Amino acid sequence: MVPFESIMSATVLDGKKIGRLIEEELHNRIISLQSKGVSPHLAVVIVGDDPASHVYVRNKEMACERCGIQSTRIDLEEGISEQEILDTVHRLNSDDSVHGILVQSPLPDGINESLVTDAISPEKDVDGFHKMNLGRLVQGDASGLLPCTPAGVMKILELSNIDVSGKNALIIGRSRIVGMPMSILLAQRGIDATVTIAHSRTENLSEICRRADLVVAAIGRPEFVKSDWIKPGSTVIDVGINRIIDSSRKSGYRLVGDVESGASDIAENITPVPGGVGPMTIAMLMSNTIMATEIQSQ
Ligand code: NDP
């Protein structure tokens with residue numbers, strides 16, 4: 001007979017389903033804007049030929065089509081100068097028909113991403129990376145334009161009724177776009193998690209992980225977090241998107257997360273890769289675009 005423990009499996013937090021619900025909930029706000037003659041419009045700037053970036057941008061365009069948001073894509077060549085990228089951003093800033101601006105990362109080597117991000121008007125910064133938007137969050141106000149991936153994780157937790165108040169939350173990764181804002185959102189008043197941020201210098205990561213009620217893995221290394229690091233009954237949010245060569249697939253690759261697949265036998269809740277945090281990130285981008293449009297048409 002199979003022991004009971006070995007057939008336990010985590011609840012899969014379906015980001016695709018939750019993301020579509022969020023997109024549908026934007027419908028009335030879009031209709032209301034359109035009734036005032038305002039058509040929400042997202043401009044996406046992509047530099048170079050990185051295949052993964054092109055897939056992400058296409059997914060964002062498709063989400064705009066689903067939601068009824070106008071999208072414009074601006075393709076810039078790999079060798080373009082920083083100044084030319086900044087000029088493009090300035091042009092979009094002063095175009096009143098554009099409500100949201102996103103510059104797809106990563107940018108080519110030698111381009112200062114922070115400089116480009118901070119050139120976007122804060123009220124058009126739908127990625128939520130501008131220092132004014134991040135600064136507001138650090139001051140304890142999460143009502144503005146938030147970085148899409150951490151905001152998407154918060155929505156998954158909220159809509160799945162996962163209460164992290166007083167719980168140990170471990171975030172692995174301290175990037176500007178995922179780990180760091182994630183830690184602030186989880187520690188804010190009203191959410192009240194007890195947050196630990198781990199990074200490449202962290203010692204005894206496996207031990208810290210075994211005490212975590214919530215693990216958010218944002219590292220960028222395939223299956224880095226091992227199943228036996230996971231606390232039974234915990235929630236695991238796998239942000240990682242890693243391409244693994246797989247010649248049996250037509251595409252030649254498959255996507256895996258930062259967490260070993262066996263973690264789903266131990267955790268209580270887990271996000272899949274793909275179909276977890278990725279679609280939530282896109283749904284939050286749509287939500288930010290509508291918020292930005294509303295702010296600009298007040
Ligand atoms: P970064 O490379 O900017 O950050 C990675 C973080 O992981 C760094 O803080 C780094 O530490 C830490 N790290 C690296 N090695 C270790 C280690 N051995 N032990 C502990 N920590 C380590 O990545 P991003 O935050 O941009 O992205 C992380 C992952 O999330 C990627 O797979 C990316 O593709 C994915 N992603 C997914 C999104 C989605 O929508 N699902 C959106 C954005 C990203 P240190 O700071 O010390 O270098």
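Mentor: The axes of H8 and H11 come within 8 Å and cross at roughly 105°. Axes are lines fitted to C-alpha atoms over the stretch in contact, with angles from 0 to 180 degrees between N-to-C directions. This is a predicted model, where local features need pLDDT of at least 70, side-chain atom pairs count only at pLDDT 80 or more, and totals for chains, interfaces and linings use all residues. Numbering starts from 1 along each chain as its sequence is written, and side-chain values use heavy atoms, without hydrogens and water.

Trainee: Are H8 and H11 roughly parallel or roughly perpendicular to each other?

Mentor: H8 and H11 are roughly perpendicular, a term for angles of 65 to 115 degrees.

Trainee: Which residues of H8 and H11 meet?

Mentor: Among them are Ala151, Lys155 and Ile156 in H8, and Met280, Met284 and Leu285 in H11; contact means heavy atoms within 4.5 Å. By class, the contact has eight nonpolar, four polar and one charged residues.

Trainee: Changing topic, which residues lie nearest the centre of the second largest pocket?

Mentor: Ala151, Met154, Lys155, Glu158 and Met284 do, out of 26 lining residues. A pocket is an open set of points on a 1 Å grid where a 1.4 Å probe fits, with protein on both sides within 12 Å along at least five of seven lines; lining residues have an atom within 4 Å of a point.

Trainee: Which element gives the largest share of that lining?

Mentor: H8, with six residues.

Notes
Helix = DSSP H or I, 4+ residues; strand = E, 2+ residues; numbered from the N terminus. Parallel < 35°, antiparallel > 145°, perpendicular 65-115°, else oblique. Nonpolar A, V, L, I, M, F, W, Y, C, P; charged D, E, K, R; others polar.
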